[in-house]
Amino acid sequence: MGEKESETAPIWGRTRQSENNNINPMDVESSALSEQHRSQNRSRGGSYEERGRGVKEFRSWFSWLIPCFVIANVVVFVITMYVNNCPKKSGDCFAGFLGRFSFQSTRENPLLGPSSLTLRTMGGLDVKKVVEGDEGWRLLSCNWLHGGVVHLLVNMLTLLFIGMRMEREFGFIRIGLLYLISGFGGSILSALFLRSNISVGASGAVFGLLGGMLSEIFINWTIYSNKVVTIITLVLIVAVNLGLGVLPGVDNFAHIGGFATGFLLGFVLLIRPHYGWINQRSAPAAKPHKYNICQAILWTVSLLLLLGWFIAGLISLFNNVDGNKHCSWCHYLSCVPTSRWSCNREPASCTTTQLGNQLSMTCLRNGKSGSYILANPSDSRINSLCVQLCR
């Protein structure tokens with residue numbers, strides 16, 4: 001909401017500060033100031049050193065927005081499970097003692113969550129509905145939905161660990177924009193390449209925070225002392241997480257799109273004055289530019305690339321462009337097939353025949369058939385059985 005009066009160290013490491021943690025003008029490093037100059041400085045309101053002590057390089061913000069985002073995600077998940085109502089709509093549930101909030105069968109959803117039909121109803125990213133049904137709002141709503149408890153816990157713990165530290169450092173406005181816009185960018189890339197599946201989750205937005213962390217070091221290069229080690233650490237963290245994204249069932253395109261968007265946006269939103277300006281700002285004769293030429297170039301190029309990406313991505317999406325037709329190998333970025341699993345992302349589709357109380361079903365994907373004794377099964381129940389049959 002506001003700024004605390006205490007100073008805080010930056011997230012990624014030590015800055016180039018003097019031992020007393022104050023930013024002092026370079027002039028005070030010399031001990032050769034005459035007594036006459038000292039007296040003149042006092043008459044103007046104190047010495048350079050005394051005035052320099054009032055300059056703070058970093059301020060600490062109170063982190064409240066990220067916890068609100070976490071609460072919102074949890075509330076949306078609870079509402080989703082209430083709407084899912086597995087005992088009534090499907091029948092085959094896990095943790096039935098939870099009643100209306102029990103999970104779909106683990107054979108259908110191993111993440112302990114709702115059915116895909118419920119996720120679609122609640123606003124999951126369905127490309128067909130976005131393009132043909134004019135439901136572009138799904139590009140935003142999908143970032144607040146999660147496929148299950150496991151999915152929710154992983155994303156929210158990561159968000160709390162990274163997001164709260166960033167919010168304390170840069171404030172709620174910049175980090176809030178970074179989070180929301182990165183999630184939107186991840187949804188666009190996901191919609192261009194994952195054309196048939198329902199995509200949900202805050203992973204794109206969380207990866208956007210990681211991208212912003214990395215670009216912030218580059219654009220504020222002069223104020224950090226251990227930047228190389230920090231960059232290597234961040235790159236390894238991102239590489240490991242993107243590597244896990246090639247497993248089946250994970251939307252790695254949302255991760256990549258969110259990270260790329262956050263990386264570019266970090267140059268725009270997280271820029272700080274360079275060290276020379278901070279160190280000399282109290283000296284009356286020194287008037288350096290607040291941002292150096294490299295920072296200005298990075299800011300400009302990143303903003304142009306970001307605008308270009310959003311314009312091109314949205315135009316392609318609403319013109320129903322399939323990214324896979326223009327990049328034959330890009331599908332490997334989200335899933336690499338092995339002998340242990342398949343990367344077939346086609347949605348479950350079955351033919352059904354109802355004779356009295358007997359429901360016969362055949363999966364069109366793998367040809368498996370099954371018979372069930374059910375009287376007037378609901379659409380959710382049929383969809384649940386079809387998903388299990390096609391696995």
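Helices (DSSP runs of H or I, at least four residues) and strands (runs of E, at least two) are numbered from the N terminus. With that naming, serine 115 has its place in the loop between strand S2 (103–104) and helix H5 (116–122). The model is predicted, so that local features need pLDDT of at least 70 and side-chain atom pairs count only at pLDDT 80 or more, while totals for chains, interfaces and linings use all residues. Residues are numbered from 1 along each chain as its sequence is written, and side-chain values use heavy atoms, with hydrogens and water left out.

**Serine 115**

- Serine 115 counts as buried at 1% relative accessibility, where buried means under 20% relative accessible area, exposed over 50% and partly exposed in between (1.4 Å probe, protein chains only).
- Not counting residues up to four places away in sequence, serine 115 touches Asn84, Gln104, Glu108 and Ser380, a contact being heavy atoms within 4.5 Å.

**Salt bridges**

- Four salt bridges are found in a search of the whole structure, each being a side-chain nitrogen of Lys or Arg within 4 Å of a carboxyl oxygen of Asp or Glu.
- One of them joins glutamate 169 to arginine 272, with the closest N and O atoms 2.6 Å apart.
- Glutamate 169 lies in helix H8 (residues 149–170) and arginine 272 in the loop between H12 and helix H13 (275–280), so this pair ties together parts that are 103 residues apart in sequence.
- Glutamate 169 is buried, with a relative accessible area of 4%, and arginine 272 is buried as well, with a value of 11%.
- Aspartate 126 pairs with arginine 120, their closest N and O atoms being 2.9 Å apart; aspartate 126 is buried at 10%, whereas arginine 120 is partly exposed at 24%.
- Glutamate 135 forms a salt bridge with arginine 138, in which the closest N and O atoms are 2.6 Å apart, and both of these residues are buried.

**Helices H12 and H14**

- Helix H12 (residues 252–269) packs against helix H14 (residues 293–318) at an angle of about 140 degrees, with the axes 8 Å apart.
- Residues of H12 in this contact include Thr261, Leu264 and Phe267, and those of H14 include Trp299, Ser302 and Phe310.
- The residues of the contact of H12 with H14 divide into 11 nonpolar, two polar and no charged, where Ala, Val, Leu, Ile, Met, Phe, Trp, Tyr, Cys and Pro count as nonpolar, Asp, Glu, Lys and Arg as charged, and the others, Gly among them, as polar.

Definitions and conventions
Axes are lines fitted to C-alpha atoms, for helices over the stretch in contact, and angles run from 0 to 180 degrees between N-to-C directions.
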